[in-house]
Amino acid sequence: MSLPVPILEARGLTRSFGNVRALDSVDFDVNAGEVVALIGDNGAGKSTLVKALSGSLALDSGTILYDGNEVNLPDPTAASALGIETVYQDLALAPHLNPVQNMFLGREISAPGLGGKFGFMDKKTMKERSKTAFNDLGATVRSLTEPVGSMSGGQRQAIAIARAIAWAKGVVFLDEPTAALGVVQTKNVLETIRRVRDKGVGVVFISHSMPHVIEVADRIQVLRLGRRVATYRASETSMEELVGAMTGAIGGEAR
(Lines give C-alpha, C1' and ligand atoms only; values in the text may rest on other atoms or scores of the structure.)
Protein backbone atom coordinates (compact mmCIF):
# COMPACT_ATOMS: atom_id res chain seq x y z
CA MET A 1 0.00 0.00 0.00
CA SER A 2 1.50 3.31 -1.10
CA LEU A 3 1.78 6.18 1.34
CA PRO A 4 -0.39 9.26 0.71
CA VAL A 5 1.23 12.22 -1.01
CA PRO A 6 1.57 15.04 1.55
CA ILE A 7 -0.55 18.09 0.81
CA LEU A 8 2.50 20.17 1.77
CA GLU A 9 6.10 18.99 1.98
CA ALA A 10 9.45 20.66 2.57
CA ARG A 11 12.73 19.05 1.58
CA GLY A 12 16.10 20.32 2.72
CA LEU A 13 15.07 23.90 3.47
CA THR A 14 17.94 26.16 4.46
CA ARG A 15 17.88 29.77 5.60
CA SER A 16 20.60 31.78 7.32
CA PHE A 17 20.57 35.20 8.94
CA GLY A 18 24.17 36.35 8.85
CA ASN A 19 26.17 33.67 10.64
CA VAL A 20 23.08 32.12 12.23
CA ARG A 21 21.56 29.16 10.36
CA ALA A 22 17.88 29.25 11.34
CA LEU A 23 16.94 26.34 9.06
CA ASP A 24 19.53 23.64 8.45
CA SER A 25 18.34 21.34 5.63
CA VAL A 26 15.04 20.86 7.45
CA ASP A 27 12.33 18.50 6.20
CA PHE A 28 8.63 18.74 7.01
CA ASP A 29 5.35 17.27 5.79
CA VAL A 30 1.63 17.36 6.52
CA ASN A 31 -1.11 15.29 4.91
CA ALA A 32 -4.60 16.39 3.97
CA GLY A 33 -6.99 15.73 6.83
CA GLU A 34 -4.21 15.56 9.42
CA VAL A 35 -3.14 17.68 12.39
CA VAL A 36 0.64 17.95 12.67
CA ALA A 37 2.03 19.67 15.75
CA LEU A 38 5.32 21.47 15.22
CA ILE A 39 7.24 21.84 18.46
CA GLY A 40 10.68 22.95 19.58
CA ASP A 41 12.41 25.20 22.05
CA ASN A 42 12.82 28.93 21.40
CA GLY A 43 15.20 29.37 18.48
CA ALA A 44 14.53 25.90 17.07
CA GLY A 45 13.37 27.37 13.75
CA LYS A 46 9.60 26.94 14.02
CA SER A 47 8.63 30.51 13.11
CA THR A 48 11.19 30.65 10.32
CA LEU A 49 9.86 27.42 8.83
CA VAL A 50 6.25 28.62 9.01
CA LYS A 51 7.15 31.92 7.34
CA ALA A 52 8.98 30.09 4.55
CA LEU A 53 6.05 27.74 3.93
CA SER A 54 3.61 30.68 4.00
CA GLY A 55 5.45 32.74 1.40
CA SER A 56 6.65 35.34 3.91
CA LEU A 57 10.36 34.49 3.83
CA ALA A 58 12.73 33.66 0.99
CA LEU A 59 14.87 30.53 1.31
CA ASP A 60 18.55 30.04 0.60
CA SER A 61 17.91 26.53 -0.74
CA GLY A 62 15.48 23.64 -0.62
CA THR A 63 12.29 22.46 -2.26
CA ILE A 64 8.62 22.99 -1.39
CA LEU A 65 5.96 20.70 -2.83
CA TYR A 66 2.20 21.23 -2.74
CA ASP A 67 0.10 18.15 -3.47
CA GLY A 68 3.18 16.49 -4.96
CA ASN A 69 4.12 19.37 -7.28
CA GLU A 70 7.10 21.66 -6.75
CA VAL A 71 5.96 25.22 -6.09
CA ASN A 72 7.47 28.64 -5.60
CA LEU A 73 6.04 30.81 -2.83
CA PRO A 74 7.43 34.31 -3.41
CA ASP A 75 4.82 35.98 -1.20
CA PRO A 76 1.78 35.22 1.00
CA THR A 77 -0.56 35.90 -1.92
CA ALA A 78 0.93 32.96 -3.80
CA ALA A 79 0.46 30.74 -0.75
CA SER A 80 -3.15 31.88 -0.31
CA ALA A 81 -3.85 31.15 -3.97
CA LEU A 82 -2.92 27.52 -3.31
CA GLY A 83 -5.12 27.40 -0.21
CA ILE A 84 -2.44 27.95 2.46
CA GLU A 85 -3.45 30.28 5.31
CA THR A 86 -1.53 31.30 8.42
CA VAL A 87 -2.28 32.80 11.83
CA TYR A 88 0.92 34.32 13.22
CA GLN A 89 1.48 35.16 16.86
CA ASP A 90 1.19 38.88 16.00
CA LEU A 91 -2.19 38.07 14.32
CA ALA A 92 -1.61 40.44 11.34
CA LEU A 93 -4.97 42.17 11.70
CA ALA A 94 -5.66 45.73 10.55
CA PRO A 95 -6.42 47.43 13.90
CA HIS A 96 -8.44 50.30 12.38
CA LEU A 97 -10.83 47.94 10.55
CA ASN A 98 -13.75 46.07 12.09
CA PRO A 99 -13.98 42.24 12.27
CA VAL A 100 -15.96 41.91 9.04
CA GLN A 101 -13.55 44.14 7.13
CA ASN A 102 -10.63 42.10 8.47
CA MET A 103 -12.32 38.83 7.50
CA PHE A 104 -12.68 39.97 3.88
CA LEU A 105 -9.60 42.17 3.56
CA GLY A 106 -8.39 41.65 -0.01
CA ARG A 107 -11.33 39.31 -0.66
CA GLU A 108 -14.21 41.78 -0.62
CA ILE A 109 -17.50 40.68 -2.20
CA SER A 110 -18.90 43.11 -4.76
CA ALA A 111 -22.52 44.15 -4.50
CA PRO A 112 -24.83 42.53 -7.05
CA GLY A 113 -25.94 44.39 -10.12
CA LEU A 114 -25.00 47.94 -10.97
CA GLY A 115 -23.70 48.72 -7.48
CA GLY A 116 -20.88 46.23 -7.85
CA LYS A 117 -19.77 47.85 -11.09
CA PHE A 118 -19.37 51.13 -9.23
CA GLY A 119 -17.25 49.54 -6.50
CA PHE A 120 -19.89 49.01 -3.81
CA MET A 121 -19.46 46.02 -1.49
CA ASP A 122 -22.05 43.41 -0.50
CA LYS A 123 -21.79 44.26 3.19
CA LYS A 124 -24.78 42.13 4.19
CA THR A 125 -23.31 38.92 2.75
CA MET A 126 -19.88 39.61 4.23
CA LYS A 127 -21.43 40.27 7.65
CA GLU A 128 -23.48 37.06 7.54
CA ARG A 129 -20.49 34.95 6.50
CA SER A 130 -18.37 36.53 9.22
CA LYS A 131 -21.01 35.71 11.82
CA THR A 132 -21.04 32.10 10.63
CA ALA A 133 -17.25 31.86 10.84
CA PHE A 134 -17.21 33.25 14.39
CA ASN A 135 -20.08 30.98 15.46
CA ASP A 136 -18.31 27.93 14.03
CA LEU A 137 -15.32 28.81 16.20
CA GLY A 138 -17.51 29.41 19.23
CA ALA A 139 -16.11 32.93 19.47
CA THR A 140 -18.02 35.78 21.07
CA VAL A 141 -17.02 38.92 19.19
CA ARG A 142 -18.03 42.04 21.11
CA SER A 143 -18.99 44.02 18.03
CA LEU A 144 -18.86 43.57 14.27
CA THR A 145 -18.64 47.33 13.71
CA GLU A 146 -15.92 48.43 16.15
CA PRO A 147 -12.23 48.48 15.15
CA VAL A 148 -10.45 45.30 16.24
CA GLY A 149 -7.73 47.44 17.79
CA SER A 150 -10.16 48.31 20.59
CA MET A 151 -10.83 44.65 21.41
CA SER A 152 -9.16 42.27 23.84
CA GLY A 153 -6.27 40.04 22.84
CA GLY A 154 -8.50 36.99 23.06
CA GLN A 155 -11.10 38.47 20.71
CA ARG A 156 -8.45 39.54 18.20
CA GLN A 157 -7.00 36.03 18.34
CA ALA A 158 -10.42 34.50 17.66
CA ILE A 159 -10.98 36.81 14.67
CA ALA A 160 -7.60 35.94 13.15
CA ILE A 161 -8.18 32.20 13.61
CA ALA A 162 -11.70 32.37 12.16
CA ARG A 163 -10.40 34.27 9.12
CA ALA A 164 -7.65 31.75 8.39
CA ILE A 165 -9.90 28.73 8.82
CA ALA A 166 -12.61 30.26 6.65
CA TRP A 167 -10.23 30.69 3.70
CA ALA A 168 -7.91 27.68 4.07
CA LYS A 169 -8.56 25.06 1.40
CA GLY A 170 -5.40 22.99 1.71
CA VAL A 171 -3.32 23.87 4.77
CA VAL A 172 -3.70 26.18 7.74
CA PHE A 173 -0.81 27.14 10.04
CA LEU A 174 -1.81 28.11 13.57
CA ASP A 175 1.09 29.66 15.49
CA GLU A 176 0.30 29.52 19.23
CA PRO A 177 -3.46 29.88 18.58
CA THR A 178 -4.47 29.35 22.22
CA ALA A 179 -1.85 31.62 23.80
CA ALA A 180 -4.18 34.55 24.56
CA LEU A 181 -7.37 32.56 25.11
CA GLY A 182 -9.30 31.51 28.19
CA VAL A 183 -10.32 27.96 29.03
CA VAL A 184 -13.61 27.98 27.10
CA GLN A 185 -12.16 29.62 23.99
CA THR A 186 -9.17 27.26 24.08
CA LYS A 187 -11.53 24.29 24.10
CA ASN A 188 -13.42 25.79 21.16
CA VAL A 189 -10.20 26.29 19.18
CA LEU A 190 -9.08 22.69 19.74
CA GLU A 191 -12.51 21.41 18.69
CA THR A 192 -12.39 23.65 15.61
CA ILE A 193 -8.98 22.24 14.67
CA ARG A 194 -10.49 18.75 14.70
CA ARG A 195 -13.43 19.87 12.55
CA VAL A 196 -11.11 21.51 10.02
CA ARG A 197 -9.03 18.31 9.87
CA ASP A 198 -12.18 16.26 9.32
CA LYS A 199 -12.99 18.44 6.30
CA GLY A 200 -9.74 17.28 4.68
CA VAL A 201 -7.58 20.32 5.45
CA GLY A 202 -4.05 19.84 6.76
CA VAL A 203 -3.56 21.67 10.05
CA VAL A 204 -0.13 22.64 11.38
CA PHE A 205 -0.37 23.46 15.08
CA ILE A 206 2.59 25.29 16.65
CA SER A 207 2.42 25.33 20.43
CA HIS A 208 4.44 25.20 23.63
CA SER A 209 1.53 23.52 25.43
CA MET A 210 2.39 19.82 25.44
CA PRO A 211 -1.05 18.76 26.78
CA HIS A 212 -2.77 20.58 23.90
CA VAL A 213 -0.30 19.10 21.41
CA ILE A 214 -0.91 15.54 22.53
CA GLU A 215 -4.66 16.11 22.75
CA VAL A 216 -5.24 17.45 19.24
CA ALA A 217 -2.35 16.26 17.02
CA ASP A 218 -2.15 13.13 14.90
CA ARG A 219 1.61 13.45 14.45
CA ILE A 220 4.21 15.59 16.20
CA GLN A 221 7.36 16.82 14.48
CA VAL A 222 10.19 18.14 16.63
CA LEU A 223 12.63 20.85 15.54
CA ARG A 224 15.95 21.46 17.22
CA LEU A 225 18.63 23.88 16.03
CA GLY A 226 16.95 24.28 12.65
CA ARG A 227 16.53 20.57 11.89
CA ARG A 228 13.71 18.07 12.26
CA VAL A 229 15.08 15.63 14.80
CA ALA A 230 12.07 13.39 15.47
CA THR A 231 8.54 12.56 14.39
CA TYR A 232 6.06 10.82 16.70
CA ARG A 233 2.52 9.54 16.59
CA ALA A 234 0.74 11.56 19.26
CA SER A 235 -0.99 8.42 20.55
CA GLU A 236 2.35 6.66 21.02
CA THR A 237 4.45 9.29 22.80
CA SER A 238 4.60 11.18 26.08
CA MET A 239 5.42 14.67 27.29
CA GLU A 240 8.69 13.34 28.71
CA GLU A 241 9.73 11.93 25.34
CA LEU A 242 8.80 15.13 23.52
CA VAL A 243 10.72 17.32 25.95
CA GLY A 244 13.70 14.97 25.65
CA ALA A 245 13.70 15.31 21.85
CA MET A 246 13.37 19.11 22.08
CA THR A 247 16.30 19.46 24.47
CA GLY A 248 18.54 16.86 22.86
CA ALA A 249 18.36 14.47 25.80
CA ILE A 250 16.83 11.93 23.40
CA GLY A 251 18.78 11.62 20.16
CA GLY A 252 18.04 9.91 16.89
CA GLU A 253 16.67 10.69 13.47
CA ALA A 254 13.04 11.29 12.64
CA ARG A 255 10.87 8.20 12.67
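Colleague: Which conventions apply to the model?
Modeller: Residues are numbered from 1 along each chain as its sequence is written, and side-chain values use heavy atoms, with hydrogens and water left out. Because the model is predicted, local features need pLDDT of at least 70 and side-chain atom pairs count only at pLDDT 80 or more, whereas totals for chains, interfaces and linings use all residues.

Colleague: Which helix gives the most to the lining of the largest pocket?
Modeller: A pocket is an open set of points on a 1 Å grid over the protein atoms alone, where a 1.4 Å probe fits, with protein on both sides within 12 Å along at least five of seven lines, and lining residues have an atom within 4 Å of a point. The largest pocket holds about 430 Å³ of space and is lined by 18 residues, with Ala133, Asp136, Ile165, Ala166 and Lys199 nearest its centre. At least two lining residues come from each of helix 5 (123-137), helix 6 (153-167) and helix 7 (183-198), helices being DSSP runs of H or I with at least four residues, numbered from the N terminus. The most, 5 residues, come from helix 5.

Colleague: How do helix 5 and helix 6 lie relative to each other, roughly parallel or roughly perpendicular?
Modeller: Ala133, Phe134 and Leu137 in helix 5 meet Ala158, Ile159, Ile161, Ala162 and Ala166 in helix 6, where contact means heavy atoms within 4.5 Å. The axes, which are lines fitted to C-alpha atoms over the stretch in contact, with angles from 0 to 180 degrees between N-to-C directions, come within 9 Å and cross at roughly 105 degrees. Since angles of 65 to 115 degrees count as roughly perpendicular, helix 5 and helix 6 are therefore roughly perpendicular.

Colleague: And how are helix 6 and helix 7 oriented, roughly parallel or roughly perpendicular?
Modeller: Gly154, Ala158, Ile161 and Ile165 in helix 6 meet Gln185, Val189, Thr192 and Val196 in helix 7, and the residues of this contact divide into 5 nonpolar, 3 polar and no charged. The axes of helix 6 and helix 7 come within 12 Å and cross at roughly 5 degrees. With angles under 35 degrees counted as roughly parallel, the two helices are therefore roughly parallel.

Colleague: From which domains does the lining of the second largest pocket draw at least three residues each?
Modeller: About 360 Å³ of space lies in the second largest pocket, and its 20 lining residues include Pro76, Ser80, Glu85, Thr86 and Arg163, the closest to its centre. An automatic or database domain assignment divides the protein chain into two parts, domain 1 and domain 2. The lining draws at least three residues from each of domain 1 (1-83 + 171-177 + 202-254) and domain 2 (85-167).

Colleague: How far apart do the C-alpha centres of domain 1 and domain 2 lie?
Modeller: The contact between these domains takes 14 residues from domain 1 and 9 residues from domain 2. The C-alpha centres of domain 1 and domain 2 lie apart by 28 Å.

How values were computed
Grid points are joined across faces, edges and corners, and a volume is the space filled by probe spheres set on the points. Angles under 35 degrees count as roughly parallel, over 145 as roughly antiparallel, 65 to 115 as roughly perpendicular and the rest as oblique. Ala, Val, Leu, Ile, Met, Phe, Trp, Tyr, Cys and Pro count as nonpolar, Asp, Glu, Lys and Arg as charged, and the others, Gly among them, as polar.
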